[in-house]
Amino acid sequence: MLIKLDKISKIYHVGEVDIPAVRDISLDINAGELMAIMGASGSGKTTLMNIIGCLDRPSKGRYLLDGQDITTMSKNELAYVRNKKIGFVFQSFNLLSRTSALENVELPMFYGNNLTSRQKRARAVEVLERVGLGQRMKHHPSQLSGGEQQRVAIARSLVNQPKILLADEPTGNLDSKRGKEIMELFQQLNKEGITIVLITHDKDTAFYARRVVHVKDGLIVNN
Amino acid sequence: MDIFTTIRVALWALLRNKVRSFLTMLGIIIGISAVIAVVAVGEGATVMIKGQIQSMGNNLVTIFPGNMSRGGVSFGGGSRSTLTASDGDAIIRECSNIKAITPVNRRGAQVIFQEKNSWTMVMGVNTSYLEIRNWQMSSGSFFQDSDVTGATKVCILGATVVEEIFGVEDPVGQIIRVKNMPFRVLGTLEKKGSAAWGQDQDDVIVMPWTTVSRVIQNSQLNEVNQVIISLTSMDMLEKAKKEITALLRERHKLTPSAEDDFSIMDVTEVTKTITETSRTMTLLLGIIASISLLVGGIGIMNIMLVSVTERTREIGLRMAVGARGKDILMQFLVEATVLAVIGGIFGTTLGTIGAKLIAQFSNWPVFISVNAVLLAFVFSAVVGVSFGFFPAWRAARLNPIEALRYE
């Protein structure tokens, strides 16, 4: 079992009122899965992703990632876990502008390891080739198409060999053709053994997943 | 992230916004160069003044006659001639801590050599004069004690006088005319430069004081304009002054209620006043320069805050891929410091060049001390760190989730 969520709740305090974003969710994700968490906006799926991605801690419940209890970790420990075990792909790519694809991909390696710059470069080249951008490594984001930018972002998420790849609406900013290409890339990577969790409201995207979890009002509706 | 990578990333971030980085640096550049230039000019002035005071002579005390007051109105030093050469002799005989002493008779006069002439100061002194004034001969020799006793018509020329009436010709052994009387030139003096108050010390001819009295002033009296004393040590100044005062009062037969009919002046007071004035000026200018540095620091803080806001998403992303708050803090802190230190380097260079230009065009002496440069450098780094801290801290405290969603 790669991920085990045990009765996870996240409650936000807005003034006097407590607003639960996620309520008593239990979810297991196995290594090698390609799954989707689906839900409309406000359903709590983003909160769920933040917790799985170790960006946020649950208010209640227990979260085991790769056998480690995340719930009790400090901020710095969470940063370390994010660096080593989790790769993020965002809807808006979040690439550094005026920075080459190669340097963007190298970014996660600046934190928490002792690779030489040569090793970093070699790894970045390798993952860029893997996502099919071997020819455009020196280009800046502004010189790349949306699909290519998202490929750079995927390469960046892969560079530290994470246990799990979290993709938040990865096709949201792309036309359907590019979106399809990106989803096919995810399928390809999953076949190579990477665990992928997609967070989306889009049925077409969820279609590529082998398992779909629907979230509504902070609860899992079906599994 | 190690420190070299951090510095590299900081440089890269600064180069992304070249114009902005440069404009931000400008505050520091102006501040630091102002500090460097001001301190250089200030220290140069101090060094020059000290040199000039040194050039006046060794541990000097000067006695002026007079200082007479009548009905509460002071006539100041020199208002009546009561000082004689024998007072000088008595002082060296009876007071302690006196190294050398010379009476001085001064008089403006025209000196003529062939068709050239010059109006200059004639100094009548004795053979201790060179030692007292800490002065060397440039050529020839000084006069002897016998010249003083005999009031012979010999003289030694200052560098300016040599230039004006002899030019390149060797004056030693020549005869010049002073008040239409022939004087033999025994030697010339080394160039001494101008005094602290700007007077040309080389525009002078020196001869026995008796010659000035008997021959030039045609007087049989022993009255002199000043007596200059060189003390063995400046530490003995107060004691020596007391002894001299007591001795002169006794010799001049002053009643205990009468005021001194002479005044004693020493260079320590002048030195103190001048160095204090110049130090105050330097301090004042330094404060003004520091304020401009402070403004530069605020500029850095301002631009770093803008930069943090602008790069909120970058910060969120860095945090998502594993940067700790500490890493983000360091990144922005180093960025601010690099900005300030590069500004400091430019500022130091510019300040040094500025000081050199001031020296060249205004004949002001400048003195660029290593300490001032180091201090400016350290100061700029401190400005960077202290004004960069708040923005960096703000960046480090960002919540990655919110930062990633920031539009």
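Reply: Helices (H or I, at least four residues) and strands (E, at least two) are DSSP runs, numbered from the N terminus. This is a predicted model, in which local features need pLDDT of at least 70, side-chain atom pairs count only at pLDDT 80 or more, and totals for chains, interfaces and linings use all residues. Residues are numbered from 1 along each chain as its sequence is written, chains are lettered from A and ligands numbered from 1 in the order in which they are written, and side-chain values use heavy atoms, with hydrogens and water left out.

Me: How many cavities of 30 Å³ or more are there?
Reply: On a 1 Å grid over the protein atoms alone, a cavity is a set of points where a 1.4 Å probe fits but cannot get out, while a pocket is an open set with protein on both sides within 12 Å along at least five of seven lines; lining residues have an atom within 4 Å of a point. Grid points are joined across faces, edges and corners, and a volume is the space filled by probe spheres set on the points. By this rule, the count is two.

Me: Which element gives the most to the lining of the second largest cavity?
Reply: The second largest cavity holds about 80 Å³ of space. In chain A, helix H2 (75–85), strand E6 (86–89) and H5 each supply at least two residues of its lining. Val321(B) is also among the lining residues. With three residues, the top contributor is E6(A).

Me: Which residues lie closest to the centre of the largest cavity?
Reply: The volume of the largest cavity is about 100 Å³. Of the 13 residues that line the largest cavity, the closest to its centre are Leu14(B), Arg20(B), Ser21(B), Ser307(B) and Glu335(B).

Me: How does the lining of the largest cavity divide by class?
Reply: Helices H1 (3–16), H2 (18–56), H9 (267–310) and H11 (325–362) of chain B each supply at least two residues of this lining. Ala, Val, Leu, Ile, Met, Phe, Trp, Tyr, Cys and Pro count as nonpolar, Asp, Glu, Lys and Arg as charged, and the others, Gly among them, as polar. The lining then has five nonpolar, four polar and four charged residues.

Me: Which helix supplies the largest share of the lining of the largest pocket?
Reply: The largest pocket has a volume of about 690 Å³ and is lined by 28 residues. The largest share, five residues, comes from H1(A).

Me: Are H5(A) and H6(A) roughly parallel or antiparallel?
Reply: Axes are lines fitted to C-alpha atoms, for helices over the stretch in contact, and angles run from 0 to 180 degrees between N-to-C directions. Angles under 35 degrees count as roughly parallel, over 145 as roughly antiparallel, 65 to 115 as roughly perpendicular and the rest as oblique. The axes of H5(A) (residues 146–158) and H6(A) (residues 176–191) come within 10 Å and cross at roughly 20°. That makes the pair roughly parallel.

Me: Are H11(B) and H12(B) roughly parallel or antiparallel?
Reply: The axes of H11(B) and H12(B) (residues 370–396) come within 7 Å and cross at roughly 150°. The answer is therefore roughly antiparallel.

Me: Are H2(B) and H9(B) roughly parallel or antiparallel?
Reply: Their axes come within 8 Å and cross at roughly 170°. H2(B) is therefore, relative to H9(B), roughly antiparallel.
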